[in-house]
Amino acid sequence: MSVENAPVVDVDEAAIPVEKKMYYRFESNDKKEFRVSELAIQQSETLNRLVEAMGYTSEDVENKPAIAIENIDGKTLKLVFQWCEHHKGEAIPVDDGSVPKIVEIPEFDAKLMDIDNGLLFKLIWAADYLNIVQLLNVSCKKVANMAQGKTPAQLRRVYLLPSDEEDEAAKRAAQEAQDPRAREVEEEFEERKRQGGNSFF
Amino acid sequence: MPKLSLKSIRKWLFNGKKHESKAILPCSPPVPTGIPILSLSCFSQLEILRNLDFFELVQLSLLSAKSRAVVKSILPKSHKIMTINFGRSSNTISVSTNQHIYMGSYEHVDQVLDLFDYPETVLSIGTDRKLNTITEFIEKYKDCVRLIYFTTPVFYPDLVELVNSVKGLEFSMIIEVHGEFSFICTEFEIQINNPHPFFIPHIWRLNFSIVKINDVNLSFLNFADWIYGRFPSGELKQLIVGLEFPEDLDIMMSDAGVTVNNEEWEHPVYGPIDKSYRIRRADNTKEAILFEYCDDFHEMVVMEIESCVHRSLIF
């Protein structure tokens, strides 16, 4: 099944599949709505538990507001649900803890993840947040593949990793940024104390 | 409609200025070149690292203290033994565990050992590499090195120098090309198994108190020379020769004119000794007692050397 044919649809496109299976409605943080089959949702442990806990009937799904996923935008969520629909019914892999991990990226997934690094970053973030094990596996594998044949300097650029000096500078900057506020709070506290108040609040 | 000419196009492109390619043509916004993996959750970071092979992990661990700590956290700690192969080139090594192989620069060997918490290490060495590098390595990683494995012939004077310089450390050494020729070094003693004939003359340069030589015969060791008082004046205090096949020490000593002492005495380790021989260095600085001893499996000749000025030997 191609990416284009994956049965994730926007509500306003009026392409609602006429099936007896239950389709849940989700809304992204930019107010895009998606209908996702019950079976596809099982790929996400987080969503699966959520819908189980809500105990929606078919009528509830239609009549109640869409379930809001506030941390993920529509573009990312569309990819996530396309992936879930394509892989619905598949067993969720069990991690054997091996290093290196053996993961193969299927053709569909490779096409789905043929996206810019920004969106790939969001996709990993979403897969982690929604606890979609296999999507996280393949997306992390895609990022890991970027390291192939790279020198340490190239790896630094690929993964945007700071050097020890940069880490140290960032730490100092964070401390410096925090100290003035701490000083402000302290000064305010002292001022209030002088004015006779016992409590800071 | 104005006529298009090359001049007019260049004017449009470069705004009348030669060789200046200012942003006249539309260009796409810069595409981010990387993925900020440190901004992902710890779980996602680890998932990415777990998909890297060992070589890539080592490369990553070289970037910063933080990256080394992260890489270290995902590597299994079950590796008890690591093999470091010193290649023919002076600065390349390959490191292998039962699961991982890394081929890279010698300068990164410390980081690689650190990733596995300095496991017991086997050094596999070709002789093209200077032995002083190996000595430095053994001294630096004395708690890790357990076995040194020479895969090509070794220059024996250098080998003695190597063994002497790391005296006090516990490790084994196998010179593969010469069959079962091997060393086992402990803090005070060295055990030499199946010594190569060309190594025999160098045995006396070993700075160990106790030298055990297994699977040789006395004639092989130029023992007659010893009997005539030419035993070494170095640190050696006890020489134990495990005979390859039984030899008649009595005939050898009798031929050399050394008289036998049949008075029984008690040795602290070997128990009652009923027959022994006493020899002395030509310069009268050292004396030695020789006697035979048989355990359940081996026949041995034991030689105990003492300085004449410190103690008179038991007779």
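Visitor: Which residue just after helix 2 of chain A takes a positive phi?

Guide: A:Gly55 does, with a phi of about 60°. A caution: this is a predicted model, where local features need pLDDT of at least 70, side-chain atom pairs count only at pLDDT 80 or more, and totals for chains, interfaces and linings use all residues. Residues are numbered from 1 along each chain as its sequence is written, chains are lettered from A and ligands numbered from 1 in the order written, and side-chain values use heavy atoms, without hydrogens and water.

Visitor: Which residues of helix 2 of chain A are buried?

Guide: A:Leu47, A:Asn48 and A:Val51, within residues 45-54. Buried means under 20% relative accessible area, exposed over 50%, with partly exposed in between (1.4 Å probe, protein chains only).

Visitor: Why are they on the same side of helix 2?

Guide: Because they cover an arc of only 100° around the axis. That arc is taken from the directions from the helix axis to the C-beta atoms.

Visitor: What does the face turned away carry?

Guide: The exposed residues A:Arg49, A:Glu52 and A:Ala53.

Visitor: And what do the buried ones pack against?

Guide: Strand 2 (23-27), helix 1 (38-41), strand 4 (67-68) and helix 4 (74-86) of chain A. Contact means heavy atoms within 4.5 Å.

Visitor: New topic. How many helices and strands are in chain A?

Guide: Nine helices and four strands. These are DSSP runs numbered from the N terminus: helices are H or I, at least four residues, and strands are E, at least two.

Visitor: How much of chain A is buried?

Guide: Buried residues make up 38% of its 201 residues.
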